[in-house]
Every structure is written in structure tokens, then in C-alpha cells.
Amino acid sequence: MNRSVSEGASGLLVSDVDSTFLTQEVIELVAEHAGVRDRVEEITTAAMRGELDFAQSLRARVALLEGLEESVLEQVREALVPTDGALELVARARAAGWVTALVSGGFHEVIDPLAARAGIDHVVANRFEIRQGRFTGEVLGPIIDGTAKLRTLQQLSERYGVPASRVVAIGDGANDRQMLEAAGVGIAFRAKPALREVADAVIDSRSLLDAWEHLEGVRVG
């Protein structure tokens with residue numbers, strides 16, 4: 001997804017999706033329909049703590065979905081719950097002239113419709129490989145890991161002429177570490193220890209709108 005944004009942006013807001021912009025982990029919602037949610041949750045938790053390589057962990061989780069019918073994706077999309085304040089944070093950022101982006105180890109097939117309704121400018125995520133209406137158990141194309149999230153932040157910053165000092169990145173897990181370190185303000189939202197130690201700000205409330213004060217600080221700074 002790639003919406004048109006005028007040049008001269010006030011800033012760049014880049015957010016993780018699973019357990020940050022959303023209250024859930026997308027792949028766990030899909031895994032529930034395959035009857036393997038517990039196994040997937042174990043792998044997800046270890047990956048977000050930084051105990052497993054993200055790309056390897058994602059492949060292992062997606063492999064457990066082999067044979068699942070594509071039709072479950074509509075049920076998963078309907079089950080999504082945005083984090084309190086997430087949609088309002090995006091609305092305020094856009095009204096203030098910020099470019100907004102979601103970068104996710106999750107999946108376009110689930111995230112894109114919600115992002116479109118929220119008015120998100122850019123979405124970068126993974127894609128399931130689906131053939132003849134069923135999951136193959138593989139990821140289609142390059143995996144969006146921590147390095148890919150960092151690269152996306154840098155590319156958008158360059159594209160819109162936004163210096164690092166005016167970039168705010170938000171995440172919750174080890175996979176977000178690189179982009180938080182590169183941002184002018186890196187925010188750990190209800191985050192794992194691996195991310196808290198590198199963040200400029202830590203938010204433990206349940207509302208993502210509490211990040212607005214940090215965007216405001218960048219805007220007036």
C-alpha cells in the first residue's frame with residue numbers, strides 16, 4: 001500500500017503493528033483457525049524477546065499453517081482490535097502534516113484494509129504464499145525483519161526529506177530495535193526488555209495516544 005503524500009512533511013511516524021498498533025499478533029489469530037495457536041505463541045514470544053532469529057521464527061510459524069483455507073483471512077480481518085488511541089494518533093499526526101507508516105512482521109492480507117480505513121500512507125509487511133485457495137506454509141518474497149524495518153524508515157525519511165530528528169518510531173519487540181535506534185525518538189510501547197533498553201521513551205499505559213506528546217515535542221522542538 002502506498003498513498004500519495006505531498007512533499008515537505010512535518011515529520012515521519014513509523015509504527016510496528018502486532019501488539020503495538022493492534023492489540024493482537026496477526027499470525028496467532030490465523031493460527032487459531034489451524035488449531036496451532038499455542039505452538040505459534042511460544043515461537044512468537046521467544047522471537048520478540050530476541051531469543052530466536054526473526055526470519056527463522058516466522059518461517060517456522062507459517063509452516064504450521066500449511067493447508068489452511070484462504071477464506072479464514074476474512075474472519076481474521078474482522079477480529080482485529082486496534083490498540084486504544086492508535087487511530088486517533090494517526091489522525092492527529094496526519095492533520096499535523098506527518099507521513100504515517102506501518103512496518104510489520106505480520107501480513108498485508110490482514111493489515112491492509114484496516115490501514116486504508118485509518119488513512120495510513122505506507123504499509124510494509126509480509127505476504128502469505130497461497131495456492132489454489134490454501135496456505136502453502138511458505139512466506140512469499142523477502143521477510144520483513146528488523147533490518148527491513150530499518151531500511152523502510154530510512155527510505156521514507158529520505159523520500160520526504162525528513163531528518164532523523166523528526167522521525168518517531170514505535171514498537172514493542174526485539175524486531176523493532178534497529179528502527180527505534182535510528183529514529184530521533186524511539187518509543188517502546190508496553191515493550192519487551194530488549195527494546196526498553198534502547199528506547200528514548202517507554203509507554204506502559206494501554207493507550208497509544210500517549211505517544212502524541214512525543215510527536216508534539218518533535219513538532220515544536
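Predicted model: local features only at pLDDT ≥ 70, side-chain atom pairs only at ≥ 80, totals over all residues.
Two strands are said to pair if DSSP finds at least two bridges between them.

In strand S6, the bridge partner of Leu 12 is Val 167. Strands S1 and S6 run parallel and are joined by 4 bridges. Strand S6 (residues 167–171) also pairs with strand S7 (residues 185–189), again in the parallel sense and over 4 bridges. Here Val 168 of the pair has Val 185 in S7 as its bridge partner.

These pairings belong to an open sheet of 6 strands, whose order is S3-S2-S1-S6-S7-S8 and whose pairing is parallel. Strand S3 (122–126) and strand S8 (201–203) stand at the edges; each has a single partner strand, so one side of each is left without a neighbour in the sheet. From one strand to the next, the twist averages 15°.

Is strand S6 mostly covered or mostly uncovered? S6 is mostly covered, since 5 of its 5 residues are buried. In a regular strand the side chains alternate between the two faces of the sheet. In S6, Val 167, Ala 169 and Gly 171 lie on one side, Val 168 and Ile 170 lie on the other, and all are buried, which leaves both faces covered.

Helix H6 (residues 86–95) lies across S1, strand S2 (98–107) and S6, and runs at about 145° to S2. Helix H8 (residues 146–159) lies across S1, S2, S3 and S6, and its direction is at about 160° to S2.

**The annotated residues and Lys 149**

An unreviewed UniProt entry carries the annotation "active site" for Asp 16 and Asp 18. Both Asp 16 and Asp 18 are included in the lining of the largest cavity.

| Residue | Location | Relative accessible area |
|---|---|---|
| Asp 16 | loop between S1 (11–15) and H1 (17–21) | 5% |
| Asp 18 | helix H1 | 8% |
| Lys 149 | helix H8 | 1% |

Why are these residues classed as buried? The term applies to a relative accessible area under 20%. Asp 16 is therefore buried, at 5%; Asp 18 is buried, at 8%; and Lys 149 is buried, at 1%.

The contacts described next leave aside neighbours within four places in sequence. Those of Asp 16 include Phe 21, Leu 102, Val 103, Lys 149 and Asp 172. Asp 18 is in contact with Gln 24, Glu 25, Val 26, Gly 106 and Asp 172. Lys 149 touches Asp 16 in turn, and its other contacts include Ser 104, Gly 105, Asn 175 and Met 179.

**One face of helix H5**

Which residues of helix H5 (residues 72–79) are buried? They are Val 72, Leu 73 and Val 76. Seen down the axis of H5, these buried residues fall within an arc of 100°, so they line one face of the helix. Among the elements that cover them are helix H2 (26–34), helix H7 (108–118), strand S4 (128–131) and strand S5 (134–139).

Note on methods:
Residues numbered from 1 in each chain as written. Heavy atoms only, no water. UniProt positions renumbered as here; feature names shortened; annotations may be inferred. 1 Å grid on protein atoms, 1.4 Å probe; cavity = no way out; pocket = protein on both sides within 12 Å on 5 of 7 lines; lining within 4 Å. Helix = DSSP H or I, 4+ residues; strand = E, 2+ residues; numbered from the N terminus. Buried < 20%, exposed > 50% of the residue type's maximum accessible area, 1.4 Å probe, protein only. Contact = heavy atoms within 4.5 Å. Arc of directions from axis to C-beta. Axes fitted to C-alpha atoms, helices over the stretch in contact; angles between N-to-C directions.
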